[in-house]
Amino acid sequence: MPTSRPLRADARRNRQALLTTAREVFLAGAADTGVEEIARQAGVSVGTLYRHFATREALVEAVYRQEVDELCAAPADLLDRHAPDEALRRFLLLLVDHAAIGKGMAEALESIMATDSPVFDDARTRMAQSLDRLLAAGAAAAIIRDDVTGRTLLRAMGGICEMRAIAGWQQEARQISAILFDGLRHVTLSGNSQTIRSLDGSESDA
């Protein structure tokens, strides 16, 4: 069966330049910017853009997929550098940040919501799997409860991030996520006190 050939170095650079430029344009709220302008800002021709992305919707989808790729690559690095509960704490913050990016790209993303693209279902599946990995690591270390699935936790985070229409929502989302995070942990007893790490990384004795 035929396989896709790897892109040459210059083609990879052009593709990444287009993705980076499109992301900046969409996050700036200029969702109606034409592909000609995106190509110009990226320093490539419109023909080059269409060689990589057959339609504008394909470009929007690729930008979003790259965001999800970067997000879902984070758990491996977090678990390498931190204890499982700290890794989970940091990933929950990344989910809030991802929701903020989604808010910035909302208008652009509307262009693919009416299509049959599986990009959003795929993203939710991958984010739930990332949470499953972090939860399993925490449960194995007996510091995170073992009766919550990644999909359930993702639904909870999705509910928190539905506040995106409210001014200053990110700070409140982080605060509510801290409550959720505390509910996921097995609190370690230390003498007559309980050492608690909040979502912002600070510790206190209960």
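1. R89 is buried, having a relative accessible area of 6%; here buried denotes under 20% relative accessible area, exposed over 50%, and partly exposed in between, with a 1.4 Å probe and protein chains only. The residue belongs to helix α5, where helices (H or I, at least four residues) and strands (E, at least two) are DSSP runs numbered from the N terminus.

2. The model is predicted: local features need pLDDT of at least 70, side-chain atom pairs count only at pLDDT 80 or more, and totals for chains, interfaces and linings use all residues. Residues are numbered from 1 along each chain as its sequence is written, and side-chain values use heavy atoms, with hydrogens and water left out.

3. Which residue does R89 meet in a salt bridge? The partner is E86, with an N to O distance of 2.6 Å. A salt bridge is defined as a side-chain nitrogen of Lys or Arg within 4 Å of a carboxyl oxygen of Asp or Glu. The two side chains also make a polar contact at 2.6 Å, a term for a pair of N or O atoms within 3.5 Å; within protein, one must be able to donate a hydrogen and the other to accept it, and residues adjacent in sequence count only if both atoms are side-chain atoms.

4. E86 is likewise buried, with a relative accessible area of 10%. Both E86 and R89 lie in helix α5, which covers residues 84–104, and they stand three residues apart, about one turn of the helix.

5. The structure holds twelve salt bridges. One of them joins R65 to D122, whose closest N and O atoms are 3.6 Å apart. R65 is in helix α4 (residues 56–81) and D122 in helix α7 (residues 119–140), so this pair ties together parts that are 57 residues apart in sequence. R65 is partly exposed at 29% relative accessibility, and D122 is partly exposed with a relative accessible area of 32%. A network of salt bridges links E61, R65 and D122.

6. A further salt bridge is formed by the side chains of R124 and D121, at 2.5 Å from N to O. These residues are three apart in helix α7, so about one helical turn separates them. R124 counts as partly exposed at 39% relative accessibility, and D121 is partly exposed with a relative accessible area of 48%.

7. Helix α4 deserves a separate remark. It has 26 residues and reaches 38 Å from its first C-alpha to its last, close to the 38 Å expected at 1.5 Å a residue; the expected span is 1.5 Å times one less than the number of residues. A kink of about 30° lies at A74, shortly before the proline P75, the bend being the angle between axes fitted to the seven residues ending at a residue and the seven starting there.

8. For the protein chain as a whole, the secondary structure comprises nine helices and three strands. From the N terminus on, the order of the elements is α-α-α-α-α-α-α-α-α-β-β-β.

9. Of the 206 residues of the protein chain, 39% count as buried. The accessible surface comes to about 11400 Å², with 50% belonging to carbon and sulfur atoms; the areas come from the Shrake-Rupley method with a 1.4 Å probe, and for residues only the protein chains shown count as cover. Among contacts (heavy atoms within 4.5 Å) between residues at least 6 apart in sequence, 62% join residues at least 24 apart.
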